[in-house]
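Grab a pencil and work through these exercises with the structure open beside you. Try each task before you read its solution.

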Amino acid sequence: MSIVISSIDQDAMSLQYFNAGTQDDTAHELSHLAARINALQSVHDDMALDLKNLKATAARIQNSRTSVSRLPPDVLSLIFEECHQSNPQWTGVLCLLGQLPTEVRLSHVSSQWRDVALATPSLWSSIRFPFEQREDSLIHYLERSRGGLLDVYLGPWAKYPNLERVLTTVLIPHLGRFQQLVLEAVSRETLTTLLSVFQDQYAPALRRLRVMCRGTIVTPGPLTGAPIFSKGAPLLSDVRLDNVAVILPSPVVTTLSFSAYPGPQFPMTREGFYRTLSACPSLSTLHLRGFIELASQTPVFPVHLFQLRELVVNGRVLANGLRLFDIISAPNLEVLVLEDVKAHPLTWIHRYIACAYPHAFQSLHTLRYIRCEFGGADMDVHFLRATPAVSDLVLSVDRYMRLIRLLTNSDKQAAVCGCSPMWPNLRTITLHTQGYTGNVVGTGVPLNEPSPTMALIQEFVACRNILGKPISVLRFKGHNASPFNNEFLWGLNQMKQYVATEVIPCPMPAMLADGGYVADWSATVDAYSAQLRQFLSQLSVIRQQMVPVLPPNFNIQHLRRRLGVPA
């Protein structure tokens, strides 16, 4: 028995030695194979990198042979600037859906384009925070602009982490580079906060300022204004405000405009309006389209605006009984535009101008009435005597045409007396024809005769021709300008008279131009703001519709997939 057990033990020991030897050989072989694999993988990576570099070099050589690659960097930089300027600014809201700005896309085309783009500071000079640039990209833009002047758009003020910190620590140190600043608030509180950030600041390069408040404001009443840039803004010349009293530091402001926003429930106080105007004695252009409350009747000394040349007044300013020329004095006015002014305030303006003769309004050469009501009484001829330099007149066609009737009657008297007519320099008349209905069947007017309104205009033209003071151009603007022109010329030919006419059938741009609206930087800002707000409104609606089916951690990527926006 012992001999058998000894044999079994020897076999077991031999098997253990065999297994140990086998495991050592296997481990050695695996390590050898792993080393070879790593070596081959390293060689493969090196070859792939070499292949990639060779392909990139070949592509670079091939691209260098194209025409666009042979453009000098300065020419390419000019093309980039043109692309940046021609791209509508409000498309930047699509950055929220993953579309990169124009300057970023240009820098991603090739290494040459990237070098040129990064070396062009003007491409990175437009700051729109927080909706287009977050804090990290904002820092990159400020660095890439390389100390150049900046156009800065802040707002709409929304919920954004550390917003005030970014303003004070990132943007305010670069305030000396701001040449255009837009502040857009959404409430009373955010408006106050934005104004307070810039209250005790100095802006040496700032030239254009826009302050907007266009959010959902619950409590009606005047918006609280505040001083801004109290330490100075010596170059600030163009200021556009919503209906907010902002006290400006610069006496060299030449353009000041008040818009109608945020609406009639938020009028500007008479005192705030007076303080804002008092800080701008060098105004040459003043547009008033907001609402002004008349809670105080305390007399004030009028603000003397001796350099004011253009004044636009909307009827909203005068709706509460404000007598504008009791607050401002503009003796050297050249262009006066009146929009939607009712009969009573219009009569008061005419009387004031007549009483100011001969000390004021002697340089008034352009007078525009846009949708104004002249009332039931005939106009006073002394108004014509007080404005002898009028050469350009804009009127809306109505049934009575009281100003044209007054001019016609004064021309008849001048013809009888053999003297010069009132407004002897009148050469251009523009008529907005959208209110004209022409002959109406059943009124007793034959269809082959001109209407009373048309006959009056034709008679005025004939009187001017007889007096030797003919009208140079008679313009018709409106959707019915062409048929109006045909009817007018038909009647004028019957009278054997002639005047050059011009038809402008497109209503909106033509009407806006006569009202003093200009497609300038402020119009671009307003368009951007409108598009941005429309986008945010649509985004809010989509969020509400998707809340029941979305997880709690919903983010913008879900919205991108819902709208089909490519990654």
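**Exercise 1. Work out how far helix H14 reaches and how that compares with the expected span.**

Step 1: Helix H14 covers residues 481-494, which gives it 14 residues. Helices here are DSSP runs of H or I with at least four residues, strands are runs of E with at least two, and both are numbered from the N terminus.

Step 2: The expected span is 1.5 Å times one less than the number of residues. For H14 that comes to 20 Å, and the reach from first to last C-alpha, 20 Å, is close to it.

A quick note on the source: this is a predicted model, where local features need pLDDT of at least 70 and side-chain atom pairs count only at pLDDT 80 or more, while totals for chains, interfaces and linings use all residues. Residues are numbered from 1 along each chain as its sequence is written, and side-chain values use heavy atoms, leaving out hydrogens and water.

**Exercise 2. Find which residues of H14 are buried, and what they pack against.**

Step 1: Buried means under 20% relative accessible area, exposed over 50%, and partly exposed in between (1.4 Å probe, protein chains only). In H14, that picks out Ala481, Phe484, Asn485, Phe488, Gly491 and Leu492.

Step 2: These residues span an arc of only 135° around the axis, so they sit on the same side of H14. The arc is taken from the directions from the helix axis to the C-beta atoms.

Step 3: Now look for their partners, counting contact as heavy atoms within 4.5 Å. The buried residues pack against strand S16 (428-432), helix H13 (452-466), strand S17 (473-477) and strand S18 (501-504).

**Exercise 3. Are Arg210 and Asp242 buried or exposed?**

Step 1: Locate the pair: Arg210 and Asp242 form a salt bridge, with the closest N and O atoms 3.3 Å apart.

Step 2: Both Arg210 and Asp242 are buried.

Step 3: Widen the view, and you'll find Arg210, Arg214, Asp242 and Asp526 linked in a network of salt bridges.

How values were computed
Salt bridge = Lys/Arg side-chain N within 4 Å of Asp/Glu carboxyl O.
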